[in-house]
Amino acid sequence: MYHPALKTPLCEMLGIDYPIIQAGMGFVARGPLAGAVSAAGGLGCIGAASMTGEELREEIRIVREITDKPFAVDILFATTGGKQTPVFTSDVQDHIDVIFDEKVPVLASGLGNPGPIIDECHAAGMKVLSLTGNTKNAKRLADSGVDAVIAQGYDGGGHTGRVGAMTLLPAVIDAVDVPVLAAGGIGDGRGIAAAITLGAIGVWLGTRFIATPEAWGHDNYKRRITEIDDEGTTRTRCFSGKPCRMIQNDTTKAWESPELEASIRPFPRQMANVTEWLGKDPYMAGRRDGETDIGALAAGQSSALIHEVKPVAQLIEDLMTEASATLDRITKIAAAAS
Ligand SMILES: Cc1cc2nc3c(=O)[nH]c(=O)nc-3n(C[C@H](O)[C@H](O)[C@H](O)COP(=O)(O)O)c2cc1C
């Protein structure tokens, strides 16, 4: 029996047992991971970013083979046509078509604004959650009608903003009138308890779920997350052109050298630079081939709290047990003081 504060409104909103959502992560978060998380009582999420529409459909099928519980798909709402006449790119439109066709229960948006399709999502019975790294964007998303906002701090893995999670979460809670989830820097149950205590209705965890057998990726990548400490990641523009938190390695360090800076190409061509320089795609080198010294390996500062690769079902149980014990301790201190 977990602490009652862990039965949050998110559980009812999404029809899940625990207030833990596994973040949509390009490449890493596919059907086997999302299915395992949902089967274990959290909400699993497929990261559609690197997929074609048909590949996304196949990952959805894998989730449904594992469980009949709810799950999410994370889409990056990239647009084309400039600020005057923005339209979703054809990749995004393919992803949108598939989620409606497949009646996906929850849509998460990691980039941009899903505003133009929110009414249609709600009409289809879908919930919509959107990531933000600052309060200004949180207000914009809330005004667009999303069901909840996910406040992702600077400490988080992958593309991140400039505000630390500990400040961002309460600032976003104050700024919007929709429920808020916490993301970034949460690597164990103590972080979940802290997020709930600060007013979040749940958590969105990325890096912690990479270190599981169910995540897609080379064992060296997963092992590296368990090895690095609190200074083992860096926020770099090296691979994608936008600030992205990655495991620090020879490539990220070399990128900071003044000689290389002189040859940097403008966004979005940085990756072409790195690919030429390494003679291979840095994402494939890191995530698929396990070349941790040179590859692009997104991970958050929460790596410092992750010491072993463990199966999803065990992980969810451990996270809940630790979050519950942390809240119990505070409840007892409060009871003793009164
Ligand atoms: C490997 C990796 C890939 C990611 N890809 C995406 C993505 O495709 N879409 C997205 O919304 N967020 C993406 N993110 C960010 C996560 O959704 C999440 O906000 C972040 O991992 C939270 O911080 P944490 O890693 O400290 O838990 C990615 C993060 C990582 C570590």
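Okay, let's start at one glycine: Gly290 touches His218, Asp219, Asn220 and Tyr221, leaving aside residues up to four places away in sequence. By "touches" or "in contact" I mean that the C-beta atoms, placed from the backbone, lie within 7 Å.

Before I go on, this is a predicted model: local features need pLDDT of at least 70, side-chain atom pairs count only at pLDDT 80 or more, and totals for chains, interfaces and linings use all residues. Residues are numbered from 1 along each chain as its sequence is written.

Back to Gly290, which sits in the loop between α14 (282-288) and α15. Helices here are DSSP runs (H or I, at least four residues), strands are E runs of at least two, and both are numbered from the N terminus.

Now the domains. The assignment gives domain 1 (4-216 + 309-337) and domain 2 (219-302); such bounds come from an automatic or database domain assignment. Their centres, taken over C-alpha atoms, are separated by 24 Å. Across the boundary, 19 residues of domain 1 are in contact with 16 of domain 2. On the domain 1 side, β9 (158-159) and α9 (207-210) are the elements giving two or more residues, and α9 has the largest share, three residues.

So what about the core? The largest nonpolar core has 102 residues, and Cys45, Leu107, Val149, Val180, Leu181 and Val203 have the most contacts inside it. A nonpolar core is a set of buried Ala, Val, Leu, Ile, Met, Phe, Trp, Tyr and Cys residues joined through C-beta atoms within 7 Å. Helix α15 (residues 312-337) gives the most, seven residues.

Last stop, helix α7 (residues 165-175). Which of its residues are buried? Ala165, Leu168, Leu169, Val172 and Ile173. Covering them are, among others, β7 (127-132), α6 (135-144) and α8 (189-198).

Note on methods. A residue is buried if 20 or more other C-beta atoms lie within 10 Å of its own, exposed if 12 or fewer, and partly exposed in between; C-beta atoms are placed from the backbone. Two residues are in contact if their C-beta atoms, placed from the backbone, lie within 7 Å.
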